[in-house]
Amino acid sequence: MPIFLDAAGTLIHPKIPVGQSYADIARRHGVKTSAEAVDRAFRLAWKQSQSPLHPEGQGSPDDDRSWWQGVVEKTFHAVLGQPLPEETLVPMFAELYNHFAQPEVWTAYEEVPSAL
């Protein structure tokens, strides 16, 4: 019988906190904020965003990019008190998405190898 685990937050976590990565990448796109503010807003946006569900055996046609973009939009709207302009959001989101797609960004929790 197969066992399915959610990798992020269960088996692996980012080496650098999410808020710090978001704030660093946002800064390159002209958005100034603190890692702490982004981290708080990200946690809230995550909780407010219903997880994407897909029919069994089928993935998302866009690899859940649209769902993740919604999380990023909510995060920065909460931090800035207003939505990001599309011309800032789109390239910033692309960089964030690509950043977190890199394996070197992630590390396994210490107990994972022995638990598996």
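**Layout and packing**

Analyst: Starting at the N terminus, the protein chain's elements follow the order β-α-α-α-α-β-α, giving five helices and two strands. Please keep in mind that this is a predicted model.

User: Thanks! Why is α2 called oblique to α3?
Analyst: Helix α2 (residues 35-48) and helix α3 (residues 65-80) pack with their axes 8 Å apart, at an angle of about 130°. Angles over 145 degrees count as roughly antiparallel and 65 to 115 as roughly perpendicular, with oblique kept for the rest; therefore α2 is oblique to α3. The crossing of these two helices is right-handed.

User: What makes up the contact of α2 with α3, by class?
Analyst: Twelve nonpolar, two polar and one charged residues. From α2, the contributors include Phe42 and Trp46; from α3, Trp67, Trp68 and Lys74 are among them. Lys counts as charged.

User: How do you know that Ser21 is buried or exposed?
Analyst: Ser21 sits in helix α1 (residues 18-28). Its relative accessible area is 4%, and the cut-off for buried is under 20%, so Ser21 is buried. Leaving out residues up to four places away in sequence, Ser21 touches Ile16, Leu96, His99 and Phe100.

User: And how much of the protein chain counts as buried?
Analyst: 31% of its 116 residues do. The protein chain exposes about 7900 Å², with 56% of that supplied by carbon and sulfur atoms.

How values were computed. Residues numbered from 1 in each chain as written. Predicted model: local features only at pLDDT ≥ 70, side-chain atom pairs only at ≥ 80, totals over all residues. Heavy atoms only, no water. Helix = DSSP H or I, 4+ residues; strand = E, 2+ residues; numbered from the N terminus. Buried < 20%, exposed > 50% of the residue type's maximum accessible area, 1.4 Å probe, protein only. Contact = heavy atoms within 4.5 Å. Axes fitted to C-alpha atoms, helices over the stretch in contact; angles between N-to-C directions. Parallel < 35°, antiparallel > 145°, perpendicular 65-115°, else oblique. Left-handed = near helix turned anticlockwise from the far one by under 90°. Areas by Shrake-Rupley, 256 points an atom, 1.4 Å probe, with all protein chains shown as cover.
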